[in-house]
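Please read through the structure below with its sequence at hand.

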Amino acid sequence: MELKKAGEALKAAIKSQKLPRAVFLLGILGIVLIYLSSLDWGGGPEAEAAPSEPAAPESCQRRLEEDLLRVVRAVTGEESPQVMITLEDGGRSVYAQDSSQSTGETGQESQASHVVLEDGKGAQQGLALAQLQPEVKGVVIVSQGAGDPALREKLINAARTALGVPSSRVCVVEGRAQAPPPE
């Protein structure tokens, strides 16, 4: 019974032209809102944010050292082990290339050029496909418990697994307890 009443009320609204007008106005309002959301209002810092730059080698090294230090503390239970990581290079970017080959009188020739993108302001930059992280050159871990061969082996395995380096690049040495800093 209530379904019939709802159907009759809908028919009456359509006949009175109120429902089609409301739907039309809501449609226009939606289109205007979509258009306004596409405009650059130049407001926030995210509008001015530059494309993601690769992390500086120092910050990458520091992050790796902090991560490894947490692992060493978990393995040894020490409060103040020391960790040092050296890096091969600063990492590198891999850019997209456009290449073409042609056969001429002198033989086969190939030509390659980088794909360059230009933003709305006219700035150009290469199309980066990947950002390769710096490679780890070596690791030194100084721990009070490193005199124990089993603990030393655990530290070597933890460092080599965490950093993806062979054990020949990991040096674990026994250190002394550090005296508290003078007051």
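The paragraphs that follow cover the overall layout, the strands, the salt bridges, the surface and the cysteines.

This is a predicted model. Its chain has 183 residues, of which 16% count as buried. There are 5 helices and 9 strands. Along the sequence they come in the order α-α-α-α-β-β-β-β-β-β-β-β-α-β. Among contacts in the chain with a separation of 6 or more, 61% are between residues 24 or more positions apart.

Strand E8, residues 136–143, pairs with strand E1, residues 82–87, through 6 bridges, and the two run antiparallel. Within this pairing, Val136 of E8 stands opposite Leu87. E8 is also joined to strand E9, residues 170–174, by 5 bridges, and here the strands run parallel. Ile141 has Val172 in E9 as its bridge partner.

How many salt bridges does the structure hold? There are 2. One is between the side chains of Asp67 and Arg70, with 2.4 Å from N to O. Both residues are in helix H4, residues 57–76, and because they are 3 residues apart there, about one helical turn separates them. Asp67 is partly exposed, since its relative accessible area is 30%.

Arg169 and Glu88 form a salt bridge too, and their closest N and O atoms are 3.8 Å apart. This pair links distant parts of the chain, as the two residues are 81 residues apart. Arg169 is in the loop between helix H5 (149–163) and E9, while Glu88 is in the loop between E1 and strand E2 (92–95). Arg169 has a relative accessible area of 32%, so it is partly exposed. Glu88, at 43%, is partly exposed as well.

Next comes the surface. The accessible surface of the chain is about 14,300 Å², and carbon and sulfur atoms account for 55% of it. A nonpolar patch on the surface includes Phe24, Leu25, Ile28, Val32, Tyr35 and Leu39, and the patch as a whole has about 1,100 Å² of accessible area. Phe24 belongs to helix H2, residues 18–38. Its relative accessibility is 55%, so Phe24 counts as exposed.

The last topic is the cysteines. A disulfide is a covalent bond that joins the sulfur atoms of two cysteines. How many disulfides does this structure hold? The count is 0. Is Cys60 buried or exposed? Cys60 counts as buried because its relative accessibility is 3%. Cys171, by contrast, is partly exposed, with a relative accessible area of 37%.

Terms used. Residues are numbered from 1 along each chain as its sequence is written. This is a predicted model: local features need pLDDT of at least 70, side-chain atom pairs count only at pLDDT 80 or more; totals for chains, interfaces and linings use all residues. Side-chain values use heavy atoms; hydrogens and water are left out. Patches are made of residues with over 30% relative accessible area and no salt bridge: like charges are joined within 9 Å, nonpolar side chains (Val, Leu, Ile, Met, Phe, Trp, Tyr) within 5 Å. Accessible areas come from the Shrake-Rupley method with a 1.4 Å probe; for residues, only the protein chains shown count as cover. A salt bridge is a side-chain nitrogen of Lys or Arg within 4 Å of a carboxyl oxygen of Asp or Glu. Helices (H or I, at least four residues) and strands (E, at least two) are DSSP runs, numbered from the N terminus. Buried means under 20% relative accessible area, exposed over 50%, partly exposed in between (1.4 Å probe, protein chains only). A disulfide is a pair of cysteine sulfur atoms within 2.5 Å. Contact means heavy atoms within 4.5 Å. Two strands pair if DSSP finds at least two bridges between them.
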